[in-house]
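We will walk from one selection to the next, with a short note at each stop.

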Amino acid sequence: MSFHIENIVPEYINYWHEVGLSKFIRVFWYFILFEFTRYIVIDYIIAFIFGANKKKRAEKFEKARQLLRLENPFVSVIIPGKNEGKHLFKLTRSLAEQTFSNFELIIVDDGSDDDTPIIGKNLERLGLIDKFIRNEMRGGKASAANLALRYSSGKFIVHLDADCSFDYDAIENVLVPFYMSPKIAAVGGNVKVRNYKESLCSKLQAIEYLKTVSVGRIITSYLGIYKIISGAFGAFRADVIDAIGGWDIGPGLDGDITVKIRKSGYKVCFEPSAICLTNAPSKFKVLTKQRLRWDKSIIRFRVRKHKDVYFPNANFSWSTFFALAENVFYNVVLDILWWFYIIDIIINYSSQLQFVIPMNFTLYFVMSYVQMCSIYVFSERRKEELYLWPYVSLMSIYTGTYLRIVRTAAYYKEFFFKRSFEDTWNPYKSSAQAKKAGL
Amino acid sequence: MLNVLRHNDRTNKIQFSGYTLLRVDHISSIQQESLTFVDAIIIDTENNEHATDLVFFIRKNADLAIALKPIFINNTCQLNKTFEIHTDGYIDLNELSIAINRVDIITKRSKRISHKNTVGHDYQVKQKILAFLFTRNSTIVPITNRASLIGYSFPFIDLFYKEEEVMSKLSMLEKSVECGHLSTNLKDFVHLCKRCHGNYLNFVEACPKCDSIDIKAQDIVHHFVCAHVAPEKDFKTKDGLACPKCDKQLRHIGIDYDKPSSMYSCNCCNHEFQTAKMIAKCIDCNAENELSALIKKAIGSYSITSAGEEWLRGGEEQSSQVSLLNDGVMTLSLFKIIASQELKRITISKSTSQIAHILFVNERLDTFDDATKKLLVKEIGAIIKSYLLPSDVMAADNYNSYYLLLPETKEQFPKRLETIQYNLGKLLGDNLQERLLDIKIQTHQLIEKETVDSIIKQFHK
């Protein structure tokens, strides 16, 4: 068959015109069954319900805010980290602007080898930090968070990352949901990308965060299956977090603690108006490393450590089951299925790949923009985010191909070799013991 | 050779090798004597109080020649060691030749000193110290002394300062080193209480919140496997250490757990903290000093420099006080030369010029401490200069006395002098509640055949 460039578009349109709906569904079953249903249909249904209940929800939120202001509880803001000294002054400035001010600021320096101890102690002396605790030996993020927890005295614990900054009402807003229901023991903040103009890599992550964090978590929270409170910005009831023993060894400790709270019978929710800005990796190499770590933690915690949530037992909870099952299904199962789908297409439609691949990209391209519209509905920073719209066209390559390959590699490494225990993110002394104990 | 002349019960004069040594046991003995004709004094008493009175009387004498007289202690008398350092040592009355040799040197060197009419305590003391070092040809070495507020006694120097005037003493020494008249060899650093300047400090760790010293340190334990971190007391059981989070036994440090840091807890306010506040409690006045508030001072031995010797011999007329003034203020000697030139000029040009003298009556400025004096003098210099014409010349004699040469000025009391008087009065009034009357400004029109010295003398009448 001779190849003529001028015939490509007419042939492509003619092909899909004649193929018929049943064959279209057969070829794009993966997209229609999973992607379209989950990210378009459900998102828009929830967006519609969300919009319809907006007034009622706002009233409920306002009532809870009044209760919070009336009680004005003492809160402990804890920030564990290593070599974060350079961010500390800006962070204290950001926190000084908060509408909620009845909090203590505890910073744990987890064995920093830069100027962090000097900076931290100076800020403590100046009264900008309430407690600066220095660990001479690095113990890992979980141990640093637990140390801060041990020396906190607030009714609520707000866990932050040092390189974040916050909207002036972020801390107040993240605390409000606790006054909506006594069953709520943890609230996740809305983490957005601050450096979205820095590089293509950060732009794509900014869009991804809007989809998966800002909107994705509104949906899962609404459905009661919200399963990860970001380590960058989350609030916890101190009594509950104490009762479950604080954070366990990571990586992926933020997801792990959320599951632990759910398993102990409490609810967790997402608060979209509690806005936190963070710096995302600006290079794909760094991003790949970060995502390999995150994705390995899904196998380690959701599949292995907390496998009990999938089986009937005394503490069984459907919402926890669905929260983890959705996470594992959409990440792990669908990732494996995607490779089956690719094989299916290569075997059965090898002669039509010149039509199938462009259509596949077209579908994901269109879906990305349709999804972006739902983000537009939910967002409170619409003007700024308009900047990102041209880059939405690249999302099908970013999430559909790049992130999927990274994810597959992470699952393979963790599932067969338990590589998360070798991650230098945690000190070897802790990882070795955790691996031995099967954690 | 030995010739003892007994005058009364308490004084004896010893003549030896042409020198007269006065043997005394009580201050009343020397009050009756004319010390000018005595070459050395021998303290002949075991009563420390009497001996101290004698040394004070001699060393504090306004006449430098008397203040520098050698003072010996009869070696048959045993006096307090902290007192001995202010004398020229012990003397054996049967072996006077060694001491006489010393007397000879001191006397000869004393004659080489130009006796200055000085103003101000520090200035007089400095002169005495330099003269003492010069006549003894030695070094003043500080001696550790438990009884001293700063832990060190300075031979000779300590006689001129009360115990509580330690800062003035050290400051005078620092200034003398700064202007090159003394050289120092560092021996130690002392940290002094901000309130009483004492060196007897008790360093204690305290709670940064309530300043209580009732604090206790606890090791922090990190259990690797479950990431639980808490003070050691949380892990303590009858059998050792067990994790309160996962109930596991902690057996092996470095394998099961480690101790990454320690925390203090305050038994008074329950505050928990990692960096304890260090407090230096003064034993003498009970003041609680933060370490950063302690006054750090160098303790050294002091020797006179060649510049200091030159200064003593009168080679440097202007006082170091003048150096405190701003640029554009000349020394009195230079002023005299320029004024003499002006006298010659007006003789030829038949013009009229004035010399003015600004005087702070009763040497008011000398009553203030050094820091205030320094600031005031700078301000005074700046005020005077700001109202002078570009052709006017200003000189300073000392803190209290300033001369102005006002060429081509016909008025008896020019307007600019009125302004200067008003502003200086205001400066003193605003800062020191001093009255305007305390500033005296005199003018003198230059006349042919006059000398500048005679004009200056007239001002001081």
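Start by selecting A:E172 and A:R65, which form a salt bridge whose closest N and O atoms are 3.6 Å apart. Colour by helix and you will find A:E172 in α8 (residues 170–175) of chain A and A:R65 in α4 (residues 54–71) of chain A, so the pair ties together parts that are 107 residues apart in sequence. Both A:E172 and A:R65 are buried. Keep in mind throughout that this is a predicted model.

Next, pick A:D248 and A:K305. Here the closest N and O atoms of the salt bridge are 2.7 Å apart. A:D248 sits in the loop between α10 (238–243) and α11 (253–263) of chain A, while A:K305 belongs to helix α12 of chain A, so this bridge connects parts 57 residues apart in sequence. Is A:D248 buried or exposed? Its relative accessible area is 12%, so A:D248 counts as buried.

Now widen the selection to A:D256, A:K260 and B:K245. Together with A:D248 and A:K305, these residues are linked in a network of salt bridges.

B:D258 is buried, with a relative accessible area of 4%. Over all chains, the count comes to 43 salt bridges.

One member, A:F284, is found in helix α12 (residues 284–305) of chain A. With 34% relative accessibility, A:F284 counts as partly exposed.

Go back to the cartoon and focus on chain B. What is the strand order of its open sheet of three strands? The order is β10-β18-β19, with antiparallel pairing. β10 (201–206) and β19 (288–290) of chain B stand at the edges with a single partner strand each, so one side of each has no neighbour in the sheet. From one strand to the next, the twist averages 35 degrees. Strand β18 (residues 277–282) of chain B pairs with β19(B) over three bridges, and B:K281 stands opposite B:E288 in β19(B).

Finally, zoom out to the whole of chain B, which has 13 helices and 24 strands. Of its 461 residues, 51% count as buried.

How values were computed
Residues are numbered from 1 along each chain as its sequence is written. Chains are lettered from A and ligands numbered from 1 in the order in which they are written. This is a predicted model: local features need pLDDT of at least 70, side-chain atom pairs count only at pLDDT 80 or more; totals for chains, interfaces and linings use all residues. Side-chain values use heavy atoms; hydrogens and water are left out. Helices (H or I, at least four residues) and strands (E, at least two) are DSSP runs, numbered from the N terminus. Buried means under 20% relative accessible area, exposed over 50%, partly exposed in between (1.4 Å probe, protein chains only). Two strands pair if DSSP finds at least two bridges between them. Axes are lines fitted to C-alpha atoms, for helices over the stretch in contact, and angles run from 0 to 180 degrees between N-to-C directions. A salt bridge is a side-chain nitrogen of Lys or Arg within 4 Å of a carboxyl oxygen of Asp or Glu.
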